[in-house]
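Have the sequence and the 3D view handy as you read.

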Amino acid sequence: DRQRLYARIAERFDGMLERGFLEEVRRLRARGDLAPEMPSMRAVGYRQLWKQLAGEWGPTEARAGALAATRHYAKRQYTWLRSDPAFERLPGPRAVDEMVRRITAG
């Protein structure tokens, strides 16, 4: 369910912010040896918060940008998984239980 996925993405990102993600990016930026063009700083979330700290985006724009980038990343992952012939979607709320059963059954 796409809406559920988007809600989970938002909850996760907001939780990261509550646990100090913005401060982490602030400390990395203050080091002086990192730049926004570097692969590590182009990662989802880091790129958007870097723009916020640089004054290019406000907090609302940074959050929206990070959520959009994460949704796109999730879509690419799902597309990649679907191309794997071994991929099987396990529907329903018991999907995790079924997955664990299959793994432990060998």
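Arg-26 is partly exposed, with a relative accessible area of 36%; buried would mean under 20%, exposed over 50%, and partly exposed is what lies in between (1.4 Å probe, protein chains only). Its partner is Glu-23: the two form a salt bridge, with the closest N and O atoms 2.2 Å apart. A salt bridge here is a side-chain nitrogen of Lys or Arg within 4 Å of a carboxyl oxygen of Asp or Glu. Glu-23 is partly exposed too, at 38%. Arg-26 and Glu-23 sit three residues apart in helix α2, so about one helical turn separates them.

A word on the ground rules: this is a predicted model, where local features need pLDDT of at least 70, side-chain atom pairs count only at pLDDT 80 or more, and totals for chains, interfaces and linings use all residues. Residues are numbered from 1 along each chain as its sequence is written, and side-chain values use heavy atoms, leaving out hydrogens and water. Helices (H or I, at least four residues) are DSSP runs, numbered from the N terminus.

How many salt bridges does the structure hold? There are five, and here are some of them.

| Salt bridge | Closest N to O |
|---|---|
| Glu-23 and Arg-26 | 2.2 Å |
| Glu-98 and Arg-101 | 2.7 Å |

Asp-14 and Arg-63 tie distant parts of the chain together: Asp-14 belongs to helix α1 and Arg-63 to helix α4, 49 residues apart. Glu-98 and Arg-101, by contrast, are three residues apart in helix α5, about one turn of the helix. Shared partners join Glu-98, Arg-101 and Arg-102 into one network of salt bridges.

Now for the inside. A nonpolar core is a set of buried Ala, Val, Leu, Ile, Met, Phe, Trp, Tyr and Cys residues joined through side-chain atoms within 4.5 Å. The largest one has 14 residues, and Phe-13 and Leu-49 touch the most other members. Helices α1 (2-18), α2 (21-31), α3 (46-53) and α4 (59-82) each supply at least two of its residues, with α4 giving the most, four. Setting aside neighbours within four places in sequence, Leu-49 is in contact (heavy atoms within 4.5 Å) with Phe-13, Leu-17, Phe-21, Leu-22, Val-25 and Ala-62.
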